[in-house]
Amino acid sequence: MKPLRSCFSLLLAGTIFLSGCSVTQVKDRFYLQAIELSHSRYPTVQLHAFTSDQADCTGSGTTLHAALEDAEIPAGRELFLGHLELLCLQDTAFAGQLTELLQSYRLSSGCKVIYTAHSLESVNTEELLENLKQEEQNGRLPKTELMTILKELSNSSGTALLPFCLTTGFSLILIQPDGAKGTLSNEAIQGLCWIRGENYPERVSISEEEQASDFFIEHAATKLTATVNSGIPVVTVSITIQGKGDAVALREQLETACQAAEEETVKKYKADVIGLEACLRQQCYELYAEQNWDGILHTVNFVHEITILTE
């Protein structure tokens, strides 16, 4: 019986160790729903817990890690960022620290990231997040998340697309760690929803000279293909839609929106937020390897093939 008793004693000791004071209990953690980062030279963090109507506490320090440690003092508990849903940047320089945040604090790759020019101290960030998700679900904003933003920052243009929090809602902004490049027009925003092809509106309002009408979308798909014509990259944006409504008017509206998106992102700001580099690297590798990226962005042409099927 001694060996059996010895094994039981070891198992009991291990159980006590795992459930003892050395392990952080749920009640000892401060679970964060959102964090706001500002003043990159001397970082300041505002912490928003779940179900809070405003910031719960703040912290500052010489580094972002020091600021988070400082915020633990008024919080009175260990900070837990593993369930973080929203990351708010008041300073674009923090974009350069997103990878570190992801790795050091085990952030979810699906965490939403937004840019804001004003403090969210008195804002219910849960409601803010739901509003953002609703805009994406309705196809009024293209989908963005931490992993998508990191991929965009790592490509040749080094520019990411972020929702821009305004007092009246959301817009879109292109940022780099060294600063904001510019905000996009509403027309370009709609074009990006279609070109990126991750979420579509269920209904598109079509404005015509005499009257307005709605086109109801049952299914949609987008595909990018690339070829080389006389040394010039040509990217075809193929959009297929099935639904009910005025197909001619919808095609014209989508053509205009896609042109606005391409003009404002690729041509004006030299930004790739549509997967352009990946498309060219895969389908036109020789051209991609020979030309510098700025040259490609300057010469690339876009063609739109919009197929609309109606009953």
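This is a predicted model: local features need pLDDT of at least 70, side-chain atom pairs count only at pLDDT 80 or more; totals for chains, interfaces and linings use all residues.
**Overall**

I started with the C-alpha trace, which spans about 80 × 45 × 45 Å along its principal axes. I then went through the secondary structure and got ten helices and 13 strands. Of the 311 residues, 46% are buried. The accessible surface came out at about 16200 Å², with 49% of that belonging to carbon and sulfur atoms. I also looked at contacts between residues at least 6 apart in sequence: 64% of these join residues at least 24 apart.

**Cores**

Next I looked up the nonpolar cores. The largest has 57 residues, and Leu-184, Trp-194, Ile-241 and Leu-276 have the most contacts inside it. Helix 7 supplies the largest share of this core, eight residues. Apart from it I found another core, of 36 residues, which includes Cys-57, Leu-79, Leu-146 and Leu-162.

Skipping its neighbours within four places in sequence, Leu-276 is in contact with Val-235, Val-266, Trp-293, Leu-297 and Phe-302. Two of those names come back below: Val-266 is one of the buried residues of helix 7, and Trp-293 is part of a ring cluster.

**Helix 7**

Helix 7 covers residues 247-268, 22 residues in total, and reaches 30 Å from its first C-alpha to its last, close to the 32 Å expected. I listed its buried residues; among them are Ala-247, Leu-250, Leu-254, Cys-258 and Ala-261, but also Glu-262, Glu-264 and Thr-265.

Then I checked the ends. At the N-terminal end the cap is Asp-246, with a side-chain oxygen 3.2 Å from the backbone nitrogen of Val-248. After the helix comes Lys-270, and its phi is positive, near 55°.

**Rings**

I searched the whole structure for aromatic pairs and found five. Tyr-285 and Tyr-288 have ring centres 6.3 Å apart and planes at 45°, so I logged this pair as tilted. These two tyrosines are three residues apart in helix 9 (residues 285-290), so about one helical turn separates them. Tyr-288 also pairs with Trp-293: the centres are again 6.3 Å apart, but the planes are at 70°, over the 60 degree cut-off, so this pair is edge-to-face.

Together, ring pairs link Tyr-285, Tyr-288 and Trp-293 into a cluster. Which of its members are buried? Both Tyr-288 and Trp-293 are. Tyr-285, at 52% relative accessibility, counts as exposed.

Methods: Residues are numbered from 1 along each chain as its sequence is written. Side-chain values use heavy atoms; hydrogens and water are left out. Helices (H or I, at least four residues) and strands (E, at least two) are DSSP runs, numbered from the N terminus. The expected span of a helix is 1.5 Å times one less than its number of residues. Buried means under 20% relative accessible area, exposed over 50%, partly exposed in between (1.4 Å probe, protein chains only). A polar contact is a pair of N or O atoms within 3.5 Å; within protein, one must be able to donate a hydrogen and the other to accept it, and residues adjacent in sequence count only if both atoms are side-chain atoms. Rings of Phe, Tyr and Trp (its six-membered ring) pair if their centres lie within 6.5 Å; planes under 30 degrees apart count as stacked, over 60 as edge-to-face and the rest as tilted. A nonpolar core is a set of buried Ala, Val, Leu, Ile, Met, Phe, Trp, Tyr and Cys residues joined through side-chain atoms within 4.5 Å. Contact means heavy atoms within 4.5 Å. Accessible areas come from the Shrake-Rupley method with a 1.4 Å probe; for residues, only the protein chains shown count as cover.
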